[in-house]
Amino acid sequence: MLLFRPTSRASFFRTLTTAILPSASVNSETTNILDRLRVLCNRGHIQEAICRFYTLNKPHSHQTYATLFQACAHHGYLHQGQELHHHLLTHNPKSPFDLYVTNHLINMYAKCGSLDYAHHLFEEMPYRNIVSWTALISGYAQHGKADECFGLFSDMLANYLLPTEFAYASVLALCDGDRGKQVHALALKTSFDAYVYVANALITMYSKNFHCGGVDKDDVWTVFEGMEFRNLITWNSMLAGFQIRELWDETVYVFTLMLRDGIGFDRATLLSVISSLCGANDIDAFSGLNYCFQLHCLTVKAGLISEIGVATALTKAYSNLGGEVADCYNLFMETSGHRDVMSWTGIITAFAEQDPEEALFLFCQLQQEGLTPDRYTFSIVLKACAGLVTERHASAVHSQVIKSGFDDDSVLANSLIHAYGRTGSIARSKQVFEEMGSRDTVSWNSMLKAYGLHGQAKEALQLFGQMNTQPDETTFVALLSACSHAGMVSEGAKIFDNMVEKYSVVPQLDHFACMVDILGRAGRIVEAEKLITKMPMEPDSVVWSALLGACRKHGKTELANLAAAKLKVLDPKDSLGYVLMSNIYCSAGSFSEAGLMRKEMKTLGVKKRAGLSWAEIGNRVHEFASGGLRHPQGEAIRDKLEEMIKQLKGLGYVPETSLVLHDVEEEHKAEQLYYHSEKLALIFALMNMGGFYPGGVIRIIKNIRICVDCHNFMKFASKLVQREIIVRDSNRFHHFRGRVCSCDDYW
């Protein structure tokens with residue numbers, strides 16, 4: 001059984017080549033020199049070893065040359081290896097061919113990437129052994145030359161040579177499913193499948209080619225279960241394979257077996273399991289966080305929490321599963337003194353959506369520690385910028401992207417298009433898009449989304465006509481969403497029909513939801529309902545929400561009840577269905593039914609999402625909630641707001657009271673509308689931007705859909721203060737200028 005235990009490639013090379021050392025005796029002085037050089041090489045002092053070699057003015061043994069060639073191969077020192085090769089040729093011009101040294105030369109050139117010269121040496125050899133073939137095969141494998149590697153492996157078999165376990169492992173590393181099965185069959189025939197090194201390579205090969213060339217999950221299990229001896233690499237290979245294929249259940253099962261059988265684990269084990277948890281799609285947030293906590297405890301217990309890669313993976317897992325950002329930050333702090341760009345990027349990712357301001361602060365700290373952001377860091381920071389009120393942060397990061405030499409990076413250009421679009425600067429999005437040297441599908445999709453977000457459906461359709469890459473599912477979601485916001489029903493229907501007929505893109509849930517929204521907003525409720533009944537899959541909450549929103553807009557109470565009931569079944573804790581039905585009842589004057597709906601919410605513990613708005617003043621973002629009492633200047637803001645409302649009423653503004661719940665006097669209903677969060681944000685911005693004097697753009701973010709009354713308020717306010725007011729709600733942008741909104745009151 002000891003025969004099947006693994007050895008390293010380096011020890012294999014030394015063992016086989018030592019077995020065919022030149023027979024000439026080596027004197028004690030030469031042996032001492034060789035030993036000293038080996039010690040230096042083993043310690044990584046290659047340059048010092050080579051310098052000592054050159055200072056010794058006497059002939060050197062083949063073993064000495066081979067030792068230095070091996071060290072150069074291990075460290076990738078091609079230039080030094082070439083000089084040693086030249087020294088060998090010039091100082092031993094009449095030396096006969098030496099298989100031992102030539103094998104080391106081939107190994108050195110192949111490992112250092114000079115594959116053509118390695119192959120040249122191989123072809124010039126008057127005779128070869130298994131080491132010669134394996135060295136070149138391994139070199140091709142190491143540098144990803146699949147065809148050359150497989151071809152040489154086939155030639156070796158044609159020369160009646162039996163592959164070593166390392167030749168098998170090398171060729172398997174580059175095999176697709178079909179070739180891999182051929183090599184597996186040969187390994188079975190030659191009994192090399194019993195070598196743990198070969199079996200591990202087979203597991204990796206089958207995992208990599210899952211669903212390709214007839215490979216399935218059972219092939220991996222067949223190899224694994226047939227192994228008489230398994231090492232930690234075997235278990236890690238299984239876990240890594242399941243992680244790549246996002247098979248969380250299999251990952252946790254294998255990891256549980258490891259723990260049950262007392263198998264030790266290492267950093268690679270934890271990285272695979274934690275990463276698999278991050279990619280799990282069929283696990284609820286509570287269970288996921290519970291698993292994450294257990295893995296965290298296990299990591300601490302094993303003393304691996306200081307491993308930067310493991311801590312970063314845990315941070316990402318907590319973030320992806322909706323964990324508290326404070327927990328992510330505490331994890332990050334445990335890596336103090338060992339942080340790299342990857343760990344910083346991980347913690348910035350955790351904050352990017354939940355707290356974009358903090359994400360930008362961490363980005364600044366990263367640079368203060370002397371680290372250089374990479375393209376992935378910039379991408380995440382731009383994602384955080386997209387969640388802020390103004391485009392100035394995106395612009396600042398944009399300048400750093402250019403200074404760092406990433407101005408031609410399409411991934412970052414796509415992120416910039418998104419960030420500028422989300423912060424209200426559609427012109428900057430367009431500029432980045434037009435300046436791109438090459439655009440991929442994501443580039444076009446990002447620009448289409450930006451146009452749709454700003455209600456510029458005609459521009460989106462025009463851009464789609466210029467698209468020179470194959471559109472995908474996301475392309476059509478962006479187009480249909482743009483048509484929905486602009487009320488372009490016939491154009492949307494045409495795009496929906498052309499998806500399959502012209503572009504071979506099968507409509508998914510998102511496409512149906514957009515189409516229901518298009519029809520519903522336009523008042524074609526019956527058609528929207530009919531489309532839902534014809535869907536090839538079960539409608540999800542987004543589809544029913546679209547129908548319910550249309551019913552609210554057009555007063556279709558009966559159908560709204562059906563949609564609301566479906567929403568309650570799909571997501572009982574979501575407040576949307578309850579709130580919209582309550583609004584529908586209020587609009588119809590059925591205040592008792594609306595009250596019952598609110599009472600049901602309270603009984604079931606369903607909480608309405610609080611309406612919040614944000615405005616950026618100077619370098620600080622201010623948050624506002626309805627009522628204004630949470631803000632330190634709440635009273636002053638409310639006083640100023642009441643003054644403005646009096647002025648707006650003089651211009652014709654009338655509060656929209658139909659959606660106020662309580663059956664009370666109109667005057668009291670109006671008072672309930674006065675202190676919505678976006679109105680408070682507007683007043684605060686005016687108080688800190690030169691008062692009610694013309695000039696300057698005011699930008700506000702709202703976390704839910706802007707209500708009818710606030711929409712009317714903003715239109716009149718833009719006329720009164722002679723400023724452009726830009727409000728981004730949960731659906732789109734509203735640009736208010738001179739009592740007109742960019743949405744044409746269609747939102």
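Biologist: What makes the pair of E391 and R699 a salt bridge?

Modeller: The closest N and O atoms of E391 and R699 are 3.4 Å apart. A salt bridge requires a side-chain nitrogen of Lys or Arg within 4 Å of a carboxyl oxygen of Asp or Glu, so the pair qualifies. Please note that this is a predicted model, in which local features need pLDDT of at least 70 and side-chain atom pairs count only at pLDDT 80 or more, while totals for chains, interfaces and linings use all residues. Residues are numbered from 1 along each chain as its sequence is written, and side-chain values use heavy atoms, with hydrogens and water left out.

Biologist: Why is this pair said to tie together parts of the chain?

Modeller: E391 belongs to the loop between α22 (375–385) and α23 (392–403), whereas R699 belongs to strand β3 (residues 697–702), so the pair joins parts that are 308 residues apart in sequence. Helices (H or I, at least four residues) and strands (E, at least two) are DSSP runs, numbered from the N terminus.

Biologist: How do you know whether R699 is buried or exposed?

Modeller: The relative accessibility of R699 is 18%. Buried means under 20% relative accessible area, exposed over 50%, and partly exposed in between (1.4 Å probe, protein chains only), so R699 is classed as buried.

Biologist: What can be said of R392 and E616?

Modeller: Their side chains also meet in a salt bridge, at 2.7 Å from N to O. R392 lies in helix α23 and E616 in strand β1 (residues 612–617), so this pair ties together parts that are 224 residues apart in sequence. R392 is partly exposed at 36% relative accessibility, whereas E616, at 11%, is buried.

Biologist: How do you know how α22 and α24 run relative to one another?

Modeller: The axes of α22 and helix α24 (residues 410–422) come within 9 Å and cross at roughly 10 degrees. Axes are lines fitted to C-alpha atoms, for helices over the stretch in contact, and angles run from 0 to 180 degrees between N-to-C directions. Angles under 35 degrees count as roughly parallel, over 145 as roughly antiparallel, 65 to 115 as roughly perpendicular and the rest as oblique. The two helices are therefore roughly parallel. In their contact (heavy atoms within 4.5 Å), α22 contributes R375, F378, S379 and L382, and α24 contributes V411, L412, S415, L416 and A419. By class, these are six nonpolar, two polar and one charged residues. Here Ala, Val, Leu, Ile, Met, Phe, Trp, Tyr, Cys and Pro count as nonpolar, Asp, Glu, Lys and Arg as charged, and the others, Gly among them, as polar.

Biologist: Why is I726 called buried?

Modeller: I726 has 4% relative accessibility, so it falls in the buried class. It is found in strand β4 (residues 724–728). Leaving aside residues up to four places away in sequence, I726 touches V697, I698, R699, I700, F733, H734 and H735.

Biologist: What makes the phi of Y160 worth a remark?

Modeller: Most residues other than glycine have a negative phi. Y160 is not a glycine, yet its phi is positive, near 60 degrees. Y160 sits in the loop between α9 (146–158) and α10 (165–172) and, at 78% relative accessibility, counts as exposed. E246, also not a glycine, has a positive phi of about 55 degrees.
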